[in-house]
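Please keep the sequence and the model in view while reading.

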Amino acid sequence: MKQKIFVICDMEEAYALRLTEYMLEKIRVSYALHLFTKVEELERFMEQEEIEILLIAESALELLSMEYVRRQVVQMFVLQENDIREEDMQEGEIHKDDMQISQNPALYISKFQSPETIVSILVESAKGLTQWQGTGTEMQTEVKLIGVYSPIKRCLQTSFALTMGQILAREHRVLYFNFENYSGFGQMLGREFLTDVADVMYYFRCDKEKLALHLPTIIQNINGLDYIPPMQSQIELWETNGGQWLELCRKIAQIGAYEYIIMDLDDGMSGLFDLLRECYKIYTITREDSFAVAKLNQYEQILKFHELEEIADKTVKCRFPVFKEVPVNLELMTHGELAGYVKAIIREDLYGK
């Protein structure tokens, strides 16, 4: 079952970061927590995702389309910034507005209270927040790492990985991780990323306690599948070893409560075999031409030479027919012939049906 989403939106970035940091430090959030400081980014997110709880500053709400709110938000809390209404409210009190959100009125909370008071009001007033746990309880996350790697190039490896991720994301919390030197992701999606995997690795190495705070601002979403924008510079990719990548993946899984992390792996990274060894399943795309067969044979010989038969044992070889058409739009990977093959693989190989 897909994890419900909790969103904080406030254009006052320093305030938003402090409130989000407090929530992540003081309680274990059983919801997927996302932070936005730009309303237009929130609207793009709401085009694809339903929000169980929206905590939004009044000034941001005024810029947000009410159509999105009524259609995509189950419960909404507004951080009241109006001085007149603020004077009528005592600390710890909330004000009910007549705006209907999924049959529930929007609730106004004074923004000028302590984070502790705001969170206390949320826990008492929002449906489902009784499931939140104190920081003394560790959140247990059993993430399954799925590796997608082939020594054969231009074999639909990335298309396969994205298709599997988007299909699995319909029922599970899934993160897609691209390790290619030149992914071309930004151009394919028509987006310019301000942050990427390099930023995540920086926080992980230098300020690990703040990783949970910054991660929601870096993670993007495509057709329900979370992903971290790939690195723009491959130098960082070369300098990070397999053990560091594994530790980072597990930390991200704990923060985001991910059930699956799909790793789109590449020869150009350091620690390839270390990652493959820890995978739950490995999918290798093959072809029938002589060069493809020769490359695959050499790869398997290297595994045997280095006594890495466990990688071979977990590998599922996938040989596809020539598809008439593979979606160019990365948000439409769940449609078409390739998607049909991937659905069968998930059903038979991952679910055992």
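Contact here means heavy atoms within 4.5 Å. Helices (H or I, at least four residues) and strands (E, at least two) are DSSP runs, numbered from the N terminus. This is a predicted model, in which local features need pLDDT of at least 70 and side-chain atom pairs count only at pLDDT 80 or more, while totals for chains, interfaces and linings use all residues. Residues are numbered from 1 along each chain as its sequence is written, and side-chain values use heavy atoms, with hydrogens and water left out.

**Sheet**

- Seven strands form an open sheet with mixed pairing, in the order β11-β12-β10-β13-β9-β14-β15. Two strands pair if DSSP finds at least two bridges between them.
- β11 (220-222) and β15 (315-319) are the edge strands, and each pairs on one side only.
- On average, neighbouring strands of this sheet are turned by 25° against each other, direction ignored. Axes are lines fitted to C-alpha atoms, for helices over the stretch in contact, and angles run from 0 to 180 degrees between N-to-C directions.
- β14 (residues 281-286) pairs with β15 in the parallel sense, over 5 bridges.
- Within β15, Cys-318 stands opposite Ile-285.

**Helices on the sheet**

- α7 (residues 157-168) lies across β9 (144-148), β10 (174-178), β11, β12 (225-227), β13 (260-264), β14 and β15. It runs at about 170° to β13.
- α12 (residues 242-256) also packs on the sheet and touches β9, β10 and β13. Its direction makes about 155° with that of β10.

**Nonpolar cores**

- A nonpolar core is a set of buried Ala, Val, Leu, Ile, Met, Phe, Trp, Tyr and Cys residues joined through side-chain atoms within 4.5 Å. Buried means under 20% relative accessible area, exposed over 50%, partly exposed in between (1.4 Å probe, protein chains only).
- The largest core has 37 residues, of which Phe-177, Ile-228, Trp-245 and Met-263 touch the most other members.
- Elements that each supply at least two residues of this core include α9 (197-206), α10 (211-218), α13 (272-277) and α14 (290-305). α12 gives the most, with 6 residues.
- Another core, of 34 residues, lies apart from it; Leu-162, Val-174, Ile-285 and Leu-330 are among its members.

**Cysteines**

- The structure holds 0 disulfides. A disulfide is a pair of cysteine sulfur atoms within 2.5 Å.
- Why is Cys-155 too far for a bond? Its closest cysteine sulfur, in Cys-318, is 9.9 Å away.
- Cys-249 is in no disulfide either, as the nearest cysteine sulfur, that of Cys-279, is 8.9 Å away.
- Cys-155 is buried at a relative accessible area of 6%. Cys-249 is buried too, at 0% relative accessibility.
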